[in-house]
Each structure stands twice: as structure tokens, then as C-alpha cells.
Amino acid sequence: MGEGVAVGIASTGDAIGPVRSARRLFRLADAAQYRAKALRAEHPVVAGLEAPDDPVIQLADSPPTPPDPERRTLRGRRP
């Protein structure tokens, strides 16, 4: 009860724009999974289904956020 699985999917068959590397496809699937978690979606979230302003694509294509200097790291190492 209260537990589930968040599923994010990216496919070259959907309106996700150019896919020039596997990295972009993985970023899209990862962003779709984060969106599924945030929405507590009861169904898979697919990158590109909400085109043209798909929030999953915007998240995947946004620049990475810099690491938080206050965040603890494993074994005291910093990235």
C-alpha cells in the first residue's frame, strides 16, 4: 500500500527532436521517470507526448545543475 514504481520512457518514434547520441535518449528517459515520480503518475510518462512544450524534454535538455557544496559525499570525496 502506498508504494509503486515510477516509469519513464523515451523512444525515437515520439516527438523528442534529434537524437544524436544514446546519452540524450537516456537523459530523456531519466527526465520522464523524474516527471512520473513528481506527478505520482499511475501510468508511464513518455517523453515527447506533450509536444511541442513537453516538460520532460525541457527537463532533459536543460543544463545540469552544479553540485551543492553543502551536500555530503561518500567517503568525504567531492565531485
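This is a predicted model: local features need pLDDT of at least 70, side-chain atom pairs count only at pLDDT 80 or more; totals for chains, interfaces and linings use all residues.
Trainee: Is Val7 buried, partly exposed or exposed?

Mentor: To place Val7, begin with its position, which is in the segment before strand S1 (8-9). Buried means under 20% relative accessible area and exposed means over 50%. Because Val7 has a relative accessibility of 34%, the class that applies to Val7 is partly exposed.

Trainee: Which residues lie nearest the centre of the largest pocket?

Mentor: The largest pocket, with a volume of about 250 Å³, has a lining of 13 residues. By class, that lining holds six nonpolar, three polar and four charged residues. Those nearest the centre of the pocket are Gly4, Val5, Ala6, Arg40 and Ala41.

Trainee: Which helix gives the most to the lining of the second largest pocket?

Mentor: The second largest pocket has a volume of about 200 Å³, and its lining includes Arg27, Asp30, Tyr34 and Leu59. Two helices, H1 (22-39) and H2 (55-61), each supply at least two residues of this lining. The one that gives the most, with four residues, is H1.

Trainee: How many residues in the lining of the second largest pocket are charged?

Mentor: Sorted by class, this lining has six nonpolar residues and two polar ones. Arg and Asp count as charged, and the lining includes Arg27 and Asp30. The number of charged residues is therefore two.

Conventions. Residues are numbered from 1 along each chain as its sequence is written. Side-chain values use heavy atoms; hydrogens and water are left out. Buried means under 20% relative accessible area, exposed over 50%, partly exposed in between (1.4 Å probe, protein chains only). On a 1 Å grid over the protein atoms alone, a cavity is a set of points where a 1.4 Å probe fits but cannot get out, and a pocket is an open set with protein on both sides within 12 Å along at least five of seven lines; lining residues have an atom within 4 Å of a point. Grid points are joined across faces, edges and corners, and a volume is the space filled by probe spheres set on the points.
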